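My entries follow in the order I made them.

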Amino acid sequence: MFVTIYDIAQYLGVTEHNGEEYARVRLPMLGGCNGCGATLACYNMYPTYSGYVKCLDCVVSGFASVEEAIEHMFPTKPKTVVVTRHKALVEYLKEIGLADDTCQVIEHATPKDVKGKVVVGVLPLRLAALAVEVIEVPMDIPAELRGVELNIEQVREFAGQPVTYKVEVKL
Ligand SMILES: [Zn+2]
C-alpha cells in the first residue's frame, strides 16, 4: 500500500484539509493522474518516484511510508561542515550566516567528512572535488600577524567577501 498526499499532509500537521494549508506545506490538493488522466484529490492522489502523481489503479512506484515520500519530495539541503583550526573564524562564520550551531567543525578534513557536503574552509583540490561546494572566506592578514591566533575583531577586519567554488574532476 502506498501513501497518499492526504497521508503526507496529515503527517506534516495539516488538520484542515484546504488549499491554504496544502500550499503552506507545499503539497498539491488537486491533480491529474499521469497514467489515465483521472482527476485526483489529496485522498486518492499518490505521489511517485517519477515525480508525477497517480491514481490507485495506475500507481506502481509509490512511497511505502510517509517518511520515504517526504525524503524524496523535499530533499534537504546538504549539510555544512566547517574546516578550520580557528575558533574566531567559526564565530565569524556564524555572524555572517555561513555556519550555525548545527554545523560540524573539524580541523582536518578526510574524504568522508566532506563528501556531499557544503564545506566552509580551505581544502586540497582532491577533497574539494568531493564536496558539493566549497566556500572560502579570503583573509587578508598582515605579514606580522600570520600564524598568530586571531581574535574575532581581527577576523572581522581581515575577512573578505566569501567566494563559493565548485570543483569538478575533468575526465
Ligand atoms: Zn490513473
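I began with contacts: two residues are in contact if their C-beta atoms, placed from the backbone, lie within 7 Å. In the protein chain, I took the contacts between residues at least 6 apart in sequence, and 43% of them join residues at least 24 apart.

A note on the source. This is a predicted model, where local features need pLDDT of at least 70 and side-chain atom pairs count only at pLDDT 80 or more, while totals for chains, interfaces and linings use all residues. Residues are numbered from 1 along each chain as its sequence is written.

**Overall shape**

I looked up the secondary structure next. The protein chain has 7 helices and 9 strands. Helices (H or I, at least four residues) and strands (E, at least two) are DSSP runs, numbered from the N terminus. The chain is more spread out than a compact globule, because its radius of gyration is 23 Å, well over the 16 Å that the globule rule gives for 171 residues. That radius is taken over C-alpha atoms, and the rule is 2.2 Å times the number of residues to the power 0.38. Along the principal axes, the C-alpha atoms fill a box of roughly 70 × 40 × 20 Å.

I checked burial too. Buried residues are 25% of the 171 in the protein chain. A residue counts as buried if 20 or more other C-beta atoms, placed from the backbone, lie within 10 Å of its own.

**Domains**

I found domain 1 at 5–73 and domain 2 at 80–165. These bounds come from an automatic or database domain assignment. The C-alpha centres of domain 1 and domain 2 lie 40 Å apart.

**The sheet**

In what order do the 5 strands of the open sheet run? I read E6-E5-E7-E8-E9, with mixed pairing. The edge strands are E6 (104–106) and E9 (163–165), each pairing on one side only. Two strands pair if DSSP finds at least two bridges between them. The twist averages 25 degrees from one strand to the next. For such angles, axes are lines fitted to C-alpha atoms, and values run from 0 to 180 degrees between N-to-C directions.

I then went through the pairs. E5 (residues 80–83) runs parallel to E6, joined by 3 bridges. Val 82 has Val 105 in E6 as its bridge partner. E7 (residues 118–121) and E8 (residues 133–136) are also parallel, with 3 bridges. Val 120 stands opposite Ile 135 in E8. E8 and E9 pair in the antiparallel sense over 3 bridges. There, Ile 135 stands opposite Thr 164 in E9.

Technical notes:
A residue is buried if 20 or more other C-beta atoms lie within 10 Å of its own, exposed if 12 or fewer, and partly exposed in between; C-beta atoms are placed from the backbone.
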